[in-house]
Amino acid sequence: MATRIVVILVICILSFPSYQGRKVIINDIECRKFSGFQAYNEGNVKMCLSYRQDLKNYTDARADCASVNSRLAVFNTWEKFQIVIPFEDAWIGLDDLETEGTFKWADGSVLDDNLKIRIFYPGEPNAVYPEEDCACQRCWSNYNKLCDGPCYLAKNYLCEKVI
Ligand SMILES: *[C@@H]1O[C@H](CO)[C@@H](O)[C@H](O)[C@H]1NC(C)=O
Ligand SMILES: [Ca+2]
Ligand SMILES: [Ca+2]
């Protein structure tokens, strides 16, 4: 019985229409089971994201992601960061709310110093105002990377399903 199921599964996978992009497509099917989510990839790196444009502050955005069993998106490698580059005016899962100056991802890990230099706009994070504790992608004119900005501002945001 178990063998038969495995054989059927293998046949299904092998007969999947696109050979080249097979893994991405299967992942996208997994991801699209969740309303509003779709798969994005950079090389072999894949993420299941929902870009939400209903403008919420950081805490409300985080709560909204949690309400659909996801989190604010974590782009903790250079490859993953390529995925977020085009998104406009969006909160991601990165803040220094807990300890000023120590940015942590939504999975609880601390932002790597080398990655920090590459993913923040030059001169950012600069904590111009005390409330600049949340990382925002392409916020404010000409900024094509992350800035720290005041968490109370209403922005788009990116939720991530970990699948
Ligand atoms: C975000 O807005 C909610 C009301 O929708 C408010 O209760 C909360 O304090 C705000 N958070 C921030 C960081 O301003
Ligand atoms: Ca800060
Ligand atoms: Ca700033």
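Q: Which residue of β8 does Arg-52 stand opposite?
A: Arg-52 stands opposite Tyr-157 in β8. The model is a predicted one.

Q: What makes β2 and β8 a pair, and in which sense do they run, parallel or antiparallel?
A: Pairing takes at least two bridges. Six bridges join β2 to β8. They therefore count as paired, and the two strands run antiparallel.

Q: What makes strand β3 and β8 a pair?
A: Strand β3 covers residues 71-72 and is joined to β8 by two bridges. The threshold is at least two bridges, so the pair qualifies. The strands run antiparallel. Leu-72 has Cys-159 of β8 as its bridge partner.

Q: In what sense do β4 and β8 pair, parallel or antiparallel?
A: The sense is parallel, over two bridges. Ala-90 stands opposite Asn-156 in β8.

Q: Why is β8 called largely enclosed?
A: Count its residues. Seven of the seven are buried, so the rest of the structure largely encloses β8. Buried here requires 20 or more other C-beta atoms within 10 Å.

Q: Why is Leu-146 called buried?
A: Leu-146 has 27 C-beta neighbours inside 10 Å. The cut-off is 20 or more, so Leu-146 counts as buried. Leu-146 belongs to strand β7.

Q: Which residues does Leu-146 touch, beyond those up to four places away in sequence?
A: Leu-146 touches Ile-119, Phe-120, Tyr-121, Glu-124, Ala-135, Cys-136 and Gln-137. Ala-90 is 56 residues from Leu-146 in sequence, and their C-alpha atoms are 9.3 Å apart.

Q: Why is Asn-69 called exposed?
A: Asn-69 has 10 C-beta neighbours inside 10 Å. Exposed means 12 or fewer, so Asn-69 qualifies. Asn-69 is in the loop between α3 and β3.

Q: Why is Asp-89 called partly exposed?
A: Asp-89 has 18 C-beta neighbours inside 10 Å. Buried needs 20 or more and exposed needs 12 or fewer, so a count of 18 is in between. Asp-89 lies in the loop between α4 (78-84) and β4.

Q: What is noted about the phi of Asn-69 and of Asp-89?
A: Phi is near 50° for Asn-69, a positive value in a residue other than glycine. For Asp-89, also not glycine, phi is positive and near 55°. Most residues other than glycine have a negative phi.

Q: How do you know that the peptide bond from Glu-124 to Pro-125 is cis?
A: Omega is near -5° for this bond, and the bond is cis. Most peptide bonds are trans. Pro-125 is in the loop between α5 (113-119) and β6.

Q: Why are the buried residues of α3 placed on the same side?
A: The buried residues in α3 are Tyr-58, Ala-61, Arg-62 and Cys-65. They cover an arc of only 100° around the axis, which puts them on the same side of α3. Residues three or four places apart in an α-helix point the same way, because a turn has 3.6 residues.

Q: What covers the buried residues of α3, and which exposed residues does the face turned away carry?
A: The cover includes β2, β3, β4, β6 and β8. The face turned away from the buried side carries exposed Ala-63 and Ser-67.

Q: What makes β4 and β5 a hairpin?
A: Three bridges join β4 to β5, and the strands run antiparallel. Two residues separate them. Gly-101 in the turn has a positive phi of about 95°. Thr-99 has Thr-102 of β5 as its bridge partner.

Q: How do the side chains along β5 alternate?
A: Phe-103 and Trp-105 point to one face and are buried.

Q: Which residues touch the most other members of the largest nonpolar core?
A: They are Leu-49, Leu-72, Ala-73, Trp-91, Ile-92, Cys-136 and Leu-158, in a core of 32 residues. β4 gives the most to this core, with four residues.

Terms used: Residues numbered from 1 in each chain as written. Chains lettered and ligands numbered in written order. Predicted model: local features only at pLDDT ≥ 70, side-chain atom pairs only at ≥ 80, totals over all residues. Core = buried A, V, L, I, M, F, W, Y, C linked by C-beta atoms within 7 Å. Contact = placed C-beta atoms within 7 Å. Arc of directions from axis to C-beta.
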